[in-house]
Amino acid sequence: MAHRDIPVLETRRLLLRGPAAEDYPNFKATFTSYRARFMGGPLTPYESWMLYAAEIGHWQIRGYGMWMIHDKQTDETYGMAGGWKPAMWPEAEIAWVIWPDKAGKGYALEATHAVRRYLYRERGWTTAVSYIDPKNLDSIRLAERLGAVKDHDAASIDGNDAVYRHPSPAQLDGSQLAHGIEMEIGHYTDPLFKPKGWAID
Amino acid sequence: MTGFTLPIPVIETERLVLRGPRESDFEAHAELMASERSKFIGGPQDKPIAWRGFTGSIGHWVLRGYGMWLVTDKADDRPLGRIGFINSYGWDEPELGWHLYAAAEGKGVAYEATLAARRYGAERLGLDGVISYIDPANARSLALATRLGARFEREGEVMGHPCHVYRHPTLAEAG
């Protein structure tokens, strides 16, 4: 039984599809590892299995959820990105995770930029946050590259996380920020390409 | 825009409808899992863990091709409990499991729903003659398993908890 109704999103290098049973081993490897320390882990094998099942169930309950990030050419998985709102979350967040050995290639930026655009344009989201462990510097850096800023007034999940507020659809549409994100993704896609204004030495 | 609907089958019995879980069912589920009544089914649990179990039981259908139904009152769609097939990580084989929310106890709901789910599993899901894990101290579940014709098979363990494995009759045996 496949979750056939989850839309497929395509970016320059990636295909984003609903989580499937055959992708589970990669998810488990990350979520039972130290990499998951900022996401409630490391999890036991049972907790990891239940969380993966919950990621799928989230689609049914909320109508949106987390996509599995695939390489467009090889189909291998790199991580997950999407919309996430368990019970107890003050508002819907945009979330991401990249398998540890796939980090540093801009996949999270490319995938998250695409899911944010989809949630804004196709699902009618008018705002979004990301709840991030203050010690998770890589994720904070990514939130900032996406134009999110720390929202000191917004409610956090349990007081142990920082709330980053994403730019609204209007702030993003056709903006210099959006162009900058596209340019950074372009740089990852083709390392020979240097955005205008970058130092060349 | 509509949501993303999983093909969880709907079963109707005389008084009940077994269907996929919805968000509106969650509070009843969280209340059960927070209470002492959940001590034989992995509880008590806090709300985030109960949410994971609630949404996870939907994903279970995708990962395994079968799972648990939300049992509702046919008259008003009230959530009464969850019944169906569980084969999460750590299970030996698919289990027929059941738990009712407090207000639904003592009315034969579990028997009616479990019988229907067991029949559906045998006829449509290739799950015939399945097991149920039962803590010997769980007298109510033991009584239901016995009423359903399940027999003690062996001592077992699930999630690190010792329990008894009961085997249900196959469709042919149950008649």
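This note walks through the two chains of the model in numbered points.

1. **Ground rules.** This is a predicted model, in which local features need pLDDT of at least 70, side-chain atom pairs count only at pLDDT 80 or more, and totals for chains, interfaces and linings use all residues. Residues are numbered from 1 along each chain as its sequence is written, while chains are lettered from A and ligands numbered from 1 in the order in which they are written.

2. **Overall form of chain A.** Let's begin with the whole chain. Buried residues account for 36% of the chain; a residue is buried if 20 or more other C-beta atoms, placed from the backbone, lie within 10 Å of its own.

3. **Helices and strands.** Chain A contains six helices and eight strands. Here helices (H or I, at least four residues) and strands (E, at least two) are DSSP runs, numbered from the N terminus. Read from that end, the order is β-β-α-α-β-β-β-α-β-α-β-β-α-α.

4. In chain A the span is 37% helix and 21% strand, with its end C-alpha atoms 23 Å apart. In chain B the span is 34% helix and 27% strand, and its end C-alpha atoms lie 25 Å apart.

5. Follow the chain from β1(A) onward. Strands β1 (residues 9-10) and β2 (residues 14-17) of chain A run antiparallel and share two bridges; strands count as paired if DSSP finds at least two bridges between them. A hairpin of three residues connects β1(A) to β2(A), and Glu10(A) stands opposite Leu15(A). β2(A) also pairs with β3 (residues 66-71) of chain A, antiparallel over four bridges, with Leu14(A) and Asp71(A) as bridge partners.

6. Four bridges join β6(A) to the antiparallel strand β8 (residues 162-165) of chain A, where Tyr164(A) is the bridge partner of Ser130(A).

7. **Where the chains meet.** On chain A, 26 residues are in contact with 28 residues of chain B, contact meaning C-beta atoms, placed from the backbone, within 7 Å. The chain A side divides into 18 nonpolar, five polar and three charged residues. In this sorting, Ala, Val, Leu, Ile, Met, Phe, Trp, Tyr, Cys and Pro count as nonpolar, Asp, Glu, Lys and Arg as charged, and the others, Gly among them, as polar.

8. **The nonpolar cores.** A nonpolar core is a set of buried Ala, Val, Leu, Ile, Met, Phe, Trp, Tyr and Cys residues joined through C-beta atoms within 7 Å. In the largest, of 52 residues, Val71(B), Ile83(B), Val109(B) and Ala113(B) touch the most other members. Helix α2 (residues 45-62) of chain A gives the most to this core, with eight residues. Another core, of 33 residues, lies apart from it and includes Leu14(A) and Tyr164(A).

How values were computed. Two residues are in contact if their C-beta atoms, placed from the backbone, lie within 7 Å. A residue is buried if 20 or more other C-beta atoms lie within 10 Å of its own, exposed if 12 or fewer, and partly exposed in between; C-beta atoms are placed from the backbone.
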